Amino acid sequence: MRNKKIPFLSCVALMVPLLTGCFSGGDSEGKDEGVVSVAESGGGVKGGATKSPAVDDSESGRPQIRLDTTDIEEIRMYQGYLRCLKDQGVPISTKGNKMPEADPGTLWYPGIDVAKERPEAEKACLGKKPMNPPELDPKKNPDYMDDYYKWIECDNRRGLKVNPLPDGGGWNYKPGVTQPRNEGQIDQECMIEAFSGR
C-alpha cells in the first residue's frame, strides 16, 4: 500500500525521490520510498515570490512551485536550496539513477528532516527553498478540503483507485487493485483539475 502525502502536510519529509518521494510542507528533504507528493506531480512554469504586505518575510523571494510544474523543473528549482544545505554540512548526494532525465551533477534530497535534525542549516537556506503551490496549502486555500475531495474523486473515476486520508493530507492505494500504468499522469491531471477549478 503506497501512501501519497501532500507536500506541506507530509511535513518536511518532502521531496519525493521525485517520482516516489514524499513532498512535504513545501519542503523537500527526507524522501521516503513509496510516498509521492502533490507538488512533485505538478508540471509547468516556475516563478518567484515577490515581497508584498501580505507575504511573510520567510516567503519573500523564494521560488514558487506551481500546480503545473514538472518533476524535472521542480528538481531544478531545488538545486540552490540543496547546494546551500550542502555548504552548511548537510549530507547531499547527486541524483545517481533516481531520475535519468536530470543532469548528472543534479543534487538530490537529503534523507533527513532538515528542519528537525539540522534547524540551523534550514534557517540559513530557507530563502532558497521552493514553496509549494498556494492552492495546496489549507491555510491559503479556504476551499482546500472541497478541492481535495474533487481530486480523490477524479482519481477514482479515472481508474486510479485510492482512499483519502481523513486529514486531507494525501491518499493510500485501495488494496487488491491493479493500478493503471499511467497513474502518475492521472493523479497529476486530477490534482490540477481539482485545485485549479478547471
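Two rings of Phe, Tyr or Trp (its six-membered ring) make a pair if their centres lie within 6.5 Å; planes under 30 degrees apart count as stacked, over 60 as edge-to-face and the rest as tilted. This is a predicted model, where local features need pLDDT of at least 70, side-chain atom pairs count only at pLDDT 80 or more, and totals for chains, interfaces and linings use all residues. Residues are numbered from 1 along each chain as its sequence is written, and side-chain values use heavy atoms, leaving out hydrogens and water.

View 1. The structure has nine aromatic pairs. Trp 108 is buried at 2% relative accessibility (buried means under 20% relative accessible area, exposed over 50%, partly exposed in between, with a 1.4 Å probe and protein chains only). Tyr 109 is buried too, at 5%.

**View 2. Tyr 144 and Tyr 148 are stacked.** Their planes are at 15 degrees and their centres 6.2 Å apart, so the pair gets that label. Both belong to helix α5 (residues 144-157), four residues apart, or about one turn of the helix. Helices here are DSSP runs (H or I, at least four residues), as are strands (E, at least two), numbered from the N terminus. Tyr 144 is buried at 2%, and Tyr 148 at 0%.

**View 3. Ring pairs build a cluster.** Tyr 144, Tyr 148, Tyr 149, Trp 151 and Phe 195 are linked this way. The buried residues of α5 include Trp 151, Ile 152 and Cys 154.
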